[in-house]
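Here is a short report on one protein structure. Keep the sequence and the 3D view open as you read.

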Amino acid sequence: MKEFVCILCPNGCRLRAGFEPDGETFRVEGNSCPRGAAFARTELTAPVRTLTTTVRAVGGERPVLAVRTAGEIPRAKLMEAMEAISRLTVRPPVRRGEVIVHNLLGAGIDLIATDDLAAVLQGGLKDVTPL
Amino acid sequence: MKQYYTDVAVVGGGPAGLAAALTANREGAQVMLLEREGRLGGILKQCIHDGFGLVRFGEKLTGPEYAGRFLDQIAESGIEVMTLAFVSGIDRTGSGYQLRVICREGLCVIHARAVVLSTGCRERTAKQVSIHGDRPSGVLTAGAAQHYVNLLGQLPGRRCVILGSGDIGLIMARRLTLEGAEVLGVYEAKPEPSGLARNIAQCLTDFDIPLYTSRTVTRVFGSERLEAVEVCETDSQMRPVPGTAQRIPCDALILSVGLIPENELALGLGLSLDPRTKGPQCDQRMQTELPGLFCCGNALHVSDLVDYVSESGETAGRGAADFARGRLPQAKTVPVQAEGPLAYVLPQRLSADNQEKTVFYFRAGKSCGPAVLRVRCGETELLRRRYRALRPPEMERLVLELPAELPAALQFSLEPEEPGEEGKQ
C-alpha cells in the first residue's frame, strides 16, 4: 500500500492504495468520492497531469501567451512537453480556447490557449493595453 | 473635473469585483467598475495554473479561463468599465459616496449611492519577515516572480530558494522548475506547511523539490545580485535557533510568506479592521459598518479558493444594488462570536432581518483532528457538525438556515470530539 495525496480537488484527501497480494484486487482508503478511487489507480499505474505553461508570442500585446494541455498527459512526459513548447512561437491575435498545437508529442492531446492575446495595432504604442 | 453618477461603484476588477459588478447589474443597478491595471481579471491574469472553478463550474480551469467566463458576461452587460483608473480616496456625502479617481482623463469624481470594495490583498515582503542583509536584486515575492514568468516571459533566477510554503510559493516552485530553473528547496518557519496538501503533492513531490519545515531564511548575501542566503532552524515560536545557520548559494529568493488584505480605502473612511481577518467587519450581505459600503473577496479575508471569492462578490453586489435602490432595510444587528480553536468566522455580525440561507466562512486557528462545530443562539443549538480534520490553510464554508428572529448573539464553537461521539452523526 502506498500513501499519497489526491490532487483532484482542494480537499486533498490522504489516500492509501495498492494491489492486494493476489496482484488483481485494487484497494483504496481515505478517498471521499469515487473520482478519488479512480485517481488512486491511475496514479499508481500510469500517473497523468495537466500541463500549464506559456508560449512565446511575437507581435502581441504581451511577449507570452498562457496555454495548457486540453487534457492530461503522462507525468513522465512533462519536461519533454516543455522542451517541445519552448520551440514554438505564436502570432497573435489568439483567442482563449484556440488550438496552438494538435496532438502534442503524439500523446493525443492538444495544446490550447487559455487567455486572449491581441495583436499590437498598426497605430503604434498608444493603443496597446498595458499589462 | 469630470463628474460621474452611478448607483454602484465597484473598486477593483479581480474575481470579487467582476462578480460584484455582474450581480449588481443583474439586480437592476447602474454599475461602474474601476480597475487600476490595463486589463480586468486581477491576479487571475498571471495564475496560469489550473485548479480554479471546481466548486463553481465543476471544471479545473486556469486563472485566465476562470476570469474569462466573467469577462465575457461583462462585455455583454452594459457595465461601464474604467481601466487604468486608480481610486485615491473615498468620502462620504449626503447621498452616498464620492470617489476620487485618477484615470486617463486626469482626475475625476464618481458619485455613487453604494460602493463595493474588492481591492484584493498584497503580499508580505522581505522587510516584513525580518530578513537581514543588503538589498541585492533577486529577492522578490512569489507573485512578482509569477508576473515576470507568466506575463513578461522572464525567468527571475536560475538557482532559487523559496521561503514560505504558501500556495503561490508552491505553484512557483513547479513553474520555475518547468522553465528550467533549479529550485533548491522550500523553507517553512512553521512546523507544518501552510499550502494545500494537493499543491505540496503536485508542485513539490512531482518534481522532487525538498520541503524543509521549521527552517527560515535569516540573511541575504550579495551587494548587486543575490549570491546566497542564510538558513536557520526555528524553535516552536518560529525564532531562529543559534548555531544552526547554513549558507546556501543561490541567485533568487522567492517569498511566499502570507497575504494581507488591502484596505487603505476602508481605513481612509474611518473603518476599523478586524485583527483576525485584517479586513473590515461585515454582515451577511458583506455590508461594512458604514451603510452602503460593501467589501468582498480577499480584501475582506484571504480566501484559498477563488470560487468563494466570487461568491462573496455576488453577495456584496446584490447588497449594494439593493442598498442603492432603497431595498435594503436598516435593521439592528447581532454579533457572531467564535470560540475554541477557530481563527475567525465571517460575517462578524448578522442583521436581524435575515430571511434567507446564510453563508458563513470559517477557518481553524490550528490543525485539529476530529472536531465538532456547534452553532448556538442563546440556548438553542442550530447546528452540530463533525469535521474529520480541519487545517488553517483550508477555509470552510457553511450554509445555515437561520430563524427569522435572532434574540441573541450567534455562537460558533469548535471542540475536540469526545470519545464515542463518532457514531452520532
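## A buried asparagine

B:Asn263 is found in the loop between β19 (259-261) and α7 (264-268) of chain B. Helices (H or I, at least four residues) and strands (E, at least two) are DSSP runs, numbered from the N terminus. The relative accessible area of B:Asn263 is 4%, so this residue is buried. Buried means under 20% relative accessible area, exposed over 50%, and partly exposed in between (1.4 Å probe, protein chains only).

What does B:Asn263 touch, not counting residues up to four places away in sequence? The list is B:Leu273, B:Lys278, B:Gly279, B:Pro280, B:Cys295 and B:Ala299. Contact means heavy atoms within 4.5 Å. B:Gly365 is 102 residues from B:Asn263 along the chain, and their C-alpha atoms are separated by 23 Å.

## How to read the model

This is a predicted model: local features need pLDDT of at least 70, side-chain atom pairs count only at pLDDT 80 or more, and totals for chains, interfaces and linings use all residues. Residues are numbered from 1 along each chain as its sequence is written, chains are lettered from A and ligands numbered from 1 in the order in which they are written, and side-chain values use heavy atoms, with hydrogens and water left out.

## Domains

Domain bounds here come from an automatic or database domain assignment. For chain A, the assignment gives domain 1 (2-45) and domain 2 (52-127). Their C-alpha centres lie 33 Å apart.

Chain B is assigned domain 1 (1-123 + 258-328), domain 2 (125-257) and domain 3 (331-425). In chain B, the C-alpha centres of domain 1 and domain 3 lie 27 Å apart. Their contact takes 21 residues from domain 1 of chain B and 19 residues from domain 3 of chain B.

## Two crossing helices

Now find helix α1 (residues 15-26) and helix α8 (residues 306-324) of chain B. Their axes come within 7 Å and cross at roughly 35 degrees. Axes are lines fitted to C-alpha atoms, for helices over the stretch in contact, and angles run from 0 to 180 degrees between N-to-C directions.

Which residues make the contact? From α1(B) they include B:Ala16, B:Ala20 and B:Thr23. From α8(B) they include B:Val309, B:Gly313 and B:Arg318. By class, this contact of α1(B) with α8(B) has eight nonpolar, four polar and two charged residues. Ala, Val, Leu, Ile, Met, Phe, Trp, Tyr, Cys and Pro count as nonpolar, Asp, Glu, Lys and Arg as charged, and the others, Gly among them, as polar.

## A helix with a buried face

Helix α4 (residues 142-150) of chain B has these buried residues: B:Ala142, B:Gly143, B:Ala145, B:Gln146, B:Val149 and B:Asn150. Seen down the axis of α4(B), they fall within an arc of 155 degrees, so they line one face of the helix. The arc is that of the directions from the helix axis to the C-beta atoms. An α-helix has 3.6 residues a turn, so residues three or four places apart point the same way.

## Backbone details

A cis peptide bond joins A:Pro92 and A:Pro93, with omega about 10 degrees. The bond from B:Leu346 to B:Pro347 is also cis, and its omega is near -5 degrees.

A:Leu105 is not a glycine, yet its phi is positive, near 55 degrees. A:Leu105 is partly exposed, with a relative accessible area of 29%.
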